[in-house]
Amino acid sequence: MKIYISADMEGVAGVVTDAQLGPEGFAWRDACELYTEEVLAVIDELRSAGATDITVSDSHGTGLNLKIERMPAGVRLVQSWPRRLGMMEGIDASYDGAILLGYHAGSHNPRGVRAHTMSSANVFDVALNGAKVCEAELSGYIAAHFKVPILMLSGDDAICAEIAASLPECETAVVKHAISYHSADSLTPADAIGVLRTATRRAIDRRSEIQPRALTGAVTMDITFKNHRPTELLAYLPNVEQLDAHRVRFVGQDITEVSSFFEFALNYSPDLKP
Ligand SMILES: [Zn+2]
C-alpha cells in the first residue's frame with residue numbers, strides 16, 4: 001500500500017500565529033517540532049496499518065520545515081519549490097491514497113486559523129470552474145486526476161467543516177478550534193496525535209469506500225490577486241484573460257496544467273536567482 005502525505009503547518013495543533021510559521025519567527029523551530037511529530041505519528045500509524053511506501057511533501061512556506069533526519073528509513077520527502085504540482089508534487093497513479101495533514105481554511109472562509117489560499121500576502125481567492133476553492137480542494141482535485149482518493153484531512157474545525165461538501169467521504173481529524181485568524185483553542189500535541197492516529201486508522205480501514213472526485217474536461221482557474229500588477233502582467237500572456245482589475249482566468253486541459261500555471265503565477269519574478 002502506497003500513501004502520499006501532503007503536509008502543511010497552519011493546521012498543526014499548537015500552531016496559531018506568524019511567529020511560528022517561518023524561520024524569521026521566534027517560535028518557528030518549536031513549531032517545526034510539533035509539525036514533525038504529527039507527521040511521524042501518521043507515518044507510524046500508516047505503517048502499522050500496512051502501508052509499505054510513503055511519500056511526504058513539506059508543503060508549507062519554504063518547504064524546509066520537516067526534519068528529514070527524524071523521518072524513518074524508507075520514507076521519501078519532497079522539499080522546497082518550485083514544483084509544478086505544488087502541495088501535491090510527487091503524486092502519481094501508483095498511490096492508493098493521500099492524506100492532507102495540517103491544512104487550513106481557504107481565503108474566502110470568514111473562520112479559520114490563517115485562512116488563506118496559497119498566499120496570504122498576494123492572493124485574495126482562487127476558483128476552479130467558477131467555485132471558490134481552498135488548498136485542500138485543489139490538492140484533492142490533483143490527487144483525483146491520478147485516481148487517488150483523499151483518505152484523511154487534519155486541521156482546525158473550520159477546514160474540516162469546509163471540505164464536508166467537496167470531500168464528503170474523507171476522514172477528518174480536528175486538532176484545534178479556531179477562535180480567530182491568529183487564535184485557537186488547541187489540543188495538546190499528545191492529544192492531537194491520538195486523534196490523528198485514530199482518524200488515520202479509520203481512513204485506511206475505510207479506504208475502499210472513499211472515491212476520488214475529479215474535475216472532467218478542461219479546467220478554468222480564476223485567480224483574484226490582492227494587487228493590480230500581477231493581474232495586469234499575467235494578462236500579457238496570450239492564454240490568460242484579464243477579467244477585472246484583480247482577476248485573471250486561465251483555462252487548462254486538466255488540473256495538472258492549471259496547477260503549473262498557478263505555480264508560475266505565484267512564483268515567477270524576473271529577479272529570481274540562480
Ligand atoms: Zn497552506
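In this predicted model, Val240 stands opposite Phe250 in strand S12. Strand S12 (residues 247–252) runs antiparallel to strand S11, and 4 bridges join them. Here strands (E, at least two residues) and helices (H or I, at least four) are DSSP runs, numbered from the N terminus, and two strands pair if DSSP finds at least two bridges between them.

As a quick reading guide, residues are numbered from 1 along each chain as its sequence is written. Because the model is predicted, local features need pLDDT of at least 70 and side-chain atom pairs count only at pLDDT 80 or more, while totals for chains, interfaces and linings use all residues.

**The open sheet and its helix**

- Five strands form an open sheet with antiparallel pairing, in the order S6-S5-S10-S12-S11.
- At the edges sit strand S6 (131–132) and strand S11 (240–244), each pairing on one side only.
- Helix H6 (residues 255–267) packs on this sheet and touches strand S10 (219–225) and S12; contact is counted when C-beta atoms, placed from the backbone, lie within 7 Å.
- The direction of H6 makes about 20 degrees with that of S10; axes are lines fitted to C-alpha atoms, for helices over the stretch in contact, and angles run from 0 to 180 degrees between N-to-C directions.

- Strand S7 (residues 150–156) is largely enclosed by the rest of the structure, because 7 of its 7 residues are buried.
- A residue is buried if 20 or more other C-beta atoms, placed from the backbone, lie within 10 Å of its own.
- Strand S4 (residues 97–103) pairs with S7 in the parallel sense over 4 bridges, and Ala98 stands opposite Ile150 in S7.
- Strand S8 (residues 171–180) also pairs with S7 in the parallel sense, over 5 bridges, and Leu153 stands opposite Thr172 in S8.

Definitions and conventions. Contact = placed C-beta atoms within 7 Å. Buried ≥ 20, exposed ≤ 12 C-beta atoms within 10 Å, placed from the backbone.
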